[in-house]
Amino acid sequence: MKKLIVGNWKMNGTVQGAKTLITALVNGISVKPELLNKCEFVVCPPNLFAYIVRHAITTVDFISLGAQDCGERTTCRALQERIADPLG
């Protein structure tokens, strides 16, 4: 069974910081392809960076995009739609 590695960060950082972090993650996994036999990777950025991160991982198939604060409850419908849309 593969281990699931999920990176979740709160509303900390900048757009450039998010790009740098994802680039480093992609590069780090790329140079250690044996990790893909043992692990699955997911990143869950804050809503503010979801589109940027989604765009940054479109060229790789070994990192999935997750979201924060999404769920089946509709008590905060506008917030959930705004967060879930970038997962597209």
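Me: At what angle do helix α1 and helix α2 pack, and how far apart are their axes?
Reply: The model is a predicted one. In it, α1 covers residues 15–30 and α2 covers residues 47–56. The two helices pack with an angle of about 30° between them, and their axes are 10 Å apart.

Me: Is α1 roughly parallel or roughly antiparallel to α2?
Reply: The packing angle of the pair is about 30°. Angles under 35 degrees count as roughly parallel. Therefore α1 is, relative to α2, roughly parallel.

Me: Is the crossing of α1 past α2 left-handed or right-handed, and which residues make the contact?
Reply: Where α1 passes α2, the crossing is right-handed. From α2, the contact uses F49, I52, V53 and A56. From α1, the residues are V15, A18, K19 and I22.

Me: How many residues of each class are in the contact of α1 with α2?
Reply: The contact draws on residues of both helices, K19 of α1 among them. No polar residue takes part in the contact of α1 with α2. The count by class is seven nonpolar and one charged.

Me: Which residues touch the most other members of the largest nonpolar core?
Reply: In soluble globular proteins, nonpolar side chains tend to be buried together. The largest nonpolar core here has 15 residues. Those touching the most other members are I22 and I63.

Me: Which element gives the most residues to this core?
Reply: At least two core residues come from each of α1, β2 (39–44) and α2. With four residues, the element that gives the most is α1.

Me: Which residues does I22 contact, leaving aside its neighbours within four places in sequence?
Reply: I22 is one of the α1 residues in the contact with α2. I22 is also one of the two residues that touch the most other members of the largest nonpolar core. Beyond its sequence neighbours within four places, its contacts are W9, V43, V53, A56 and I57.

Me: Which elements do the buried residues of α2 pack against?
Reply: The buried residues in α2 are F49, A50, I52 and V53. They pack against α1, β2 and β3 (63–65).

Me: What pattern does the protein chain follow along the sequence?
Reply: The secondary structure comes to three helices and three strands. Read along the sequence, the pattern is β-α-β-α-β-α.

Me: What share of the contacts with a separation of 6 or more comes from residues 24 or more positions apart?
Reply: The protein chain has 88 residues, and 28% of them are buried. Among its contacts with a separation of 6 or more, the share from residues 24 or more positions apart is 57%.

Me: Where is N12, and is N12 buried or exposed?
Reply: N12 sits in the loop between β1 (3–8) and α1. Its C-alpha atom is 9.8 Å from that of P45, a residue 33 positions away along the chain. Exposed means over 50% relative accessible area. N12 has 55% relative accessibility, so N12 is exposed.

Me: How far apart are the C-alpha atoms of L35 and K2?
Reply: L35 belongs to the loop between α1 and β2. Its relative accessibility is 28%, so L35 counts as partly exposed. L35 and K2 are 33 residues apart along the chain, and their C-alpha atoms are separated by 9.6 Å.

Me: What is the C-alpha to C-alpha distance of K3 and C39?
Reply: K3 is part of strand β1 and is exposed at a relative accessible area of 60%. Leaving aside neighbours within four places in sequence, K3 contacts K38, C39 and E40. K3 and C39 are 36 residues apart in sequence, and their C-alpha distance is 4.6 Å.

Definitions and conventions:
Residues numbered from 1 in each chain as written. Predicted model: local features only at pLDDT ≥ 70, side-chain atom pairs only at ≥ 80, totals over all residues. Heavy atoms only, no water. Axes fitted to C-alpha atoms, helices over the stretch in contact; angles between N-to-C directions. Parallel < 35°, antiparallel > 145°, perpendicular 65-115°, else oblique. Left-handed = near helix turned anticlockwise from the far one by under 90°. Contact = heavy atoms within 4.5 Å. Nonpolar A, V, L, I, M, F, W, Y, C, P; charged D, E, K, R; others polar. Core = buried A, V, L, I, M, F, W, Y, C linked by side-chain atoms within 4.5 Å. Buried < 20%, exposed > 50% of the residue type's maximum accessible area, 1.4 Å probe, protein only.
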